[in-house]
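Here are my notes, written to be read with the model open beside you. Could you go through the points in order and check each one by eye?

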Amino acid sequence: MTRQKRKPAPHPDPLPLGLLIIDGLEGEIARVELPSGVTQDIALSQLPAGLKEGDVLLVTEAGAVIDHTETQRRREGAQTQLDALNAQAPSGEIDL
């Protein structure tokens, strides 16, 4: 019989205030990048429903909401940077 490694329990503290970025989702856990740049696992039950990777959360003392404007702005910025990199590649696309 093999033992499965248990995932650490989500952080029990209140959500940190400010802009949080959803770095990844796994089961009932979200890996969140805090304003300090540190990542932290948080139970999805503490976060707004319908989250996706890359979403930006605005957390205030009133609660947490998905900041759709900031999420879109960051996605467009990342796409612009990727397009610029691809434009410099000899074939027009960067191969990874």
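1. Start at the helix. Glu70 and Arg73 are 3 residues apart in helix 1, so about one helical turn separates them. The two form a salt bridge, with the closest N and O atoms 2.7 Å apart; the term stands for a side-chain nitrogen of Lys or Arg within 4 Å of a carboxyl oxygen of Asp or Glu. Helices here are DSSP runs of H or I with at least four residues, strands are runs of E with at least two, and both are numbered from the N terminus.

2. Arg74 and Glu70 are both in helix 1, 4 residues apart, which is about one turn of the helix. Through shared partners, the salt bridges join Glu70, Arg73 and Arg74 into one network. Glu70 counts as buried at 13% relative accessibility, while Arg74 counts as partly exposed at 34%. The cut-offs are under 20% relative accessible area for buried, over 50% for exposed and partly exposed in between, with a 1.4 Å probe and protein chains only.

3. A word on what you are looking at. This is a predicted model, in which local features need a pLDDT of at least 70 and side-chain atom pairs count only at pLDDT 80 or more, while totals for chains, interfaces and linings use all residues. Residues are numbered from 1 along each chain as its sequence is written, and side-chain values use heavy atoms, with hydrogens and water left out.

4. How confident is the predictor? The protein chain averages a pLDDT of 86, and 82% of the residues score at least 70; pLDDT is the predictor's confidence in each residue, from 0 to 100. Where pLDDT is low, the predicted coordinates should not be read in detail.

5. Now the overall layout. The protein chain has 1 helix and 5 strands, and along the sequence they follow the pattern β-β-β-β-β-α. The 5 strands make an open sheet in the order 3-2-1-4-5, with antiparallel pairing; two strands pair if DSSP finds at least two bridges between them. Strand 3 (39-43) and strand 5 (63-66) are at the edges with a single partner strand each, so one side of each has no neighbour in the sheet. From one strand to the next, the twist averages 35°, taken between N-to-C directions of lines fitted to C-alpha atoms, on a scale from 0 to 180 degrees.

6. Next, the hairpins. Strand 1 (residues 18-26) and strand 2 pair in the antiparallel sense over 5 bridges, and Ile22 stands opposite Val32 in strand 2. Their hairpin has 2 residues between the strands, and Gly27 in the turn has a positive phi of about 60°. Strand 2 (residues 29-33) is also joined to strand 3 by 5 bridges, again antiparallel. Here Ile29 has Ala43 as its bridge partner, and Glu33 stands opposite Thr39. This second hairpin has 5 residues between its strands, with Gly37 at a positive phi near 95°.

7. Asp41 is buried at 12% relative accessible area, whereas Arg31 is partly exposed at 33%. The whole structure holds 4 salt bridges.

8. Last, have a look at Asp55, in the loop between strand 3 and strand 4 (56-60). Asp55 is buried, with a relative accessible area of 3%. Its side chain reaches the backbone nitrogen of Lys52 at 2.8 Å. Leaving aside neighbours within four places in sequence, the contacts of Asp55 include Leu20, Ile22, Ile66 and Arg75, where contact means heavy atoms within 4.5 Å.

Note on methods: Polar contact = N/O pair within 3.5 Å; in protein donor to acceptor, adjacent residues only side chain to side chain.
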